[in-house]
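Let's walk through this structure together, one neighbourhood at a time. Keep the viewer open and follow along as the residues come up.

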Amino acid sequence: MKTIGNRELYLPALEKGEIQVVPEYAATLTEFMNPDKAKPQATPDIDKTVAALTALGKDKGLSFGKPAAATDQNAFAVTTAFAQKNSVKTLSDFASKCSGKATIIGGPPECNSAARPYCVPGLVKTYALSFGSFTSLDAAGPLSKQALKTGKVTIALVLSSDGGLTASS
């Protein structure tokens with residue numbers, strides 16, 4: 001397996017045939033390829049989302065396999081100590097209790113882009129979350145976890161299937 005970077009880098013290479021297969025998130029890729037960001041095409045229904053993705057990919061010469069039964073989704077984490085201190089259990093709790101200039105969000109650089117509606121723009125739109133700064137880290141990897149543990153960031157992008165995250169992390 002070879003690491004090929006983020007979607008902005010590998011999608012053009014995939015379209016040109018320079019690479020053949022890339023694992024992807026159906027909803028995120030659908031919205032990334034959606035030319036009308038004001039009208040989302042991804043839905044909670046995987047079949048509808050894949051149908052929209054298939055239509056978007058057809059003009060670019062892309063085809064998509066059957067989606068996996070399991071899911072791995074973006075999630076946002078705080079430390080257990082932070083959650084307990086601030087009585088935070090959900091993103092809604094976080095937005096209502098911890099939003100503001102003191103909040104530092106961490107994640108991969110593209111997470112702070114308008115092209116990523118399920119990252120920072122989604123937090124702002126869905127939860128009315130505000131924050132003071134964004135720290136560029138890795139995509140839910142060791143840098144993000146370390147930044148959370150050391151207090152460099154208040155909240156960070158993680159993956160829902162990450163077995164390395166525990167209630168005591």
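Predicted model: local features only at pLDDT ≥ 70, side-chain atom pairs only at ≥ 80, totals over all residues.

Residues are numbered from 1 along each chain as its sequence is written, and side-chain values use heavy atoms, with hydrogens and water left out.

Leu129 also belongs to the largest nonpolar core, which has 15 residues; Phe76, Phe94, Ile105 and Leu129 touch the most other members. A nonpolar core here is a set of buried Ala, Val, Leu, Ile, Met, Phe, Trp, Tyr and Cys residues joined through side-chain atoms within 4.5 Å. Buried means under 20% relative accessible area, exposed over 50%, and partly exposed in between, with a 1.4 Å probe and protein chains only. At least two residues of this core come from each of α5 (91–98), α6 and β4, and α5 gives the largest share, three residues. These helices (H or I, at least four residues) and strands (E, at least two) are DSSP runs, numbered from the N terminus. Another core, of ten residues, lies apart from this one and includes Leu11, Val22, Leu56 and Leu62.

Now to the sheet. Four strands form an open sheet in the order β1-β4-β2-β3, with mixed pairing; two strands pair if DSSP finds at least two bridges between them. Because β1 (74–77) and β3 (131–136) stand at the edges with a single partner strand each, one side of each is left without a neighbour in the sheet. On average, neighbouring strands are turned by 30° against each other, direction ignored. Such axes are lines fitted to C-alpha atoms, for helices over the stretch in contact, and angles run from 0 to 180 degrees between N-to-C directions.

Look next at β4. The strands β1 and β4 run antiparallel and are joined by four bridges, with Ala77 opposite Ala156 in β4. The strands β2 (residues 100–107) and β4 (residues 155–159) run parallel, joined by two bridges, and Ile105 has Ile155 as its bridge partner in β4. Four of the five residues of β4 are buried, so β4 is largely enclosed by the rest of the structure. Helix α6 (residues 120–127) lies across β1, β2 and β3, and runs at about 155° to β3.

In the loop between α7 (142–150) and β4 you will find Lys152. Is Lys152 buried, partly exposed or exposed? Its relative accessibility is 49%, so Lys152 counts as partly exposed. Beyond its neighbours within four places in sequence, Lys152 is in contact with Ile104, Thr135, Leu137 and Ala147.

Finally, turn to helix α1 (residues 7–15) and helix α2 (residues 26–33), whose axes come within 12 Å and cross at roughly 80°. That makes α1 roughly perpendicular to α2, a label for angles of 65 to 115 degrees. Arg7, Glu8 and Leu11 of α1 meet Thr28, Leu29, Phe32 and Met33 of α2.

Notes: Contact = heavy atoms within 4.5 Å. Parallel < 35°, antiparallel > 145°, perpendicular 65-115°, else oblique.
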